[in-house]
Amino acid sequence: MTLFRTTGKRERAVKTLLGGTCEWCDRQVAFPDLVLHRIVPVPGRIPPESPDPQKRFLLLCRSCHQDIHRIPLPNHLQRDLVRRRSPEIRKALRILFDYIPEPYQPPDTADPAEIYEECFSLRSLDLFRAGG
Ligand SMILES: [Zn+2]
Ligand SMILES: [Zn+2]
């Protein structure tokens, strides 16, 4: 798959952010020779693609792009290339694609009323002790 649904403006911004460098061979090439390659979803994997848009593509020079399809490079190795991006780059790319990671949701441990009751009974126990 060569098409990555993005605007020309976004595509240029991605190329700028990644320093006009191919993420596979690390060569710096002219913008028109860089291709946004969409990482093919893994069949059977749930979810097939990461919700994080910056994990769904690679910026490649034309020859690496041809190779990645011709070999083809296994999906996990393509994802390894994505993981080489620095935290700053990842953050900037997420902002570029308007992606806000979900805040961490703590698992439901206890009923708030139960916690309140527990605090209350502990305090009354302290009061009882203080008084006695
Ligand atoms: Zn491609
Ligand atoms: Zn390359």
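Mentor: An axis here is a line fitted to C-alpha atoms, for helices over the stretch in contact, and angles run from 0 to 180 degrees between N-to-C directions. The model is predicted: local features need pLDDT of at least 70, side-chain atom pairs count only at pLDDT 80 or more, and totals for chains, interfaces and linings use all residues. Residues are numbered from 1 along each chain as its sequence is written, while chains are lettered from A and ligands numbered from 1 in the order in which they are written.

Trainee: How many helices and strands are in the protein chain?

Mentor: The protein chain has five helices and two strands, which are DSSP runs numbered from the N terminus (helices H or I, at least four residues; strands E, at least two). Along the sequence the pattern is α-β-β-α-α-α-α.

Trainee: At what angle do α1 and α4 pack?

Mentor: Helix α1 (residues 8–17) and helix α4 (residues 87–96) pack at about 175 degrees, and their axes are 11 Å apart. The two are therefore roughly antiparallel (an angle over 145 degrees).

Trainee: Which residues meet there?

Mentor: From α1, R10, A13, V14 and L17 meet I89, A92, L93 and L96 of α4; contact requires C-beta atoms, placed from the backbone, within 7 Å.

Trainee: Turning to the strands, how many bridges join β1 to β2?

Mentor: Five bridges join them, and the strands run antiparallel; pairing takes at least two DSSP bridges. V35 stands opposite L60 in β2.

Trainee: Which residues of α2 are buried?

Mentor: In α2 (residues 62–70) they are C64, H65 and I68. Down the axis of α2 they fall within an arc of 105 degrees, so they line one face of the helix; the arc is that of directions from the helix axis to the C-beta atoms. These buried residues pack against β1 and β2, whereas Q66 and R70, on the other side of α2, are exposed.

Trainee: And where is P32 found?

Mentor: P32 is in the loop between α1 and β1 (34–38). P32 is exposed, with 8 other C-beta atoms within 10 Å. The C-alpha atoms of P32 and C61 are separated by 9.1 Å, although these residues are 29 apart along the chain.

Methods. Parallel < 35°, antiparallel > 145°, perpendicular 65-115°, else oblique. Contact = placed C-beta atoms within 7 Å. Buried ≥ 20, exposed ≤ 12 C-beta atoms within 10 Å, placed from the backbone.
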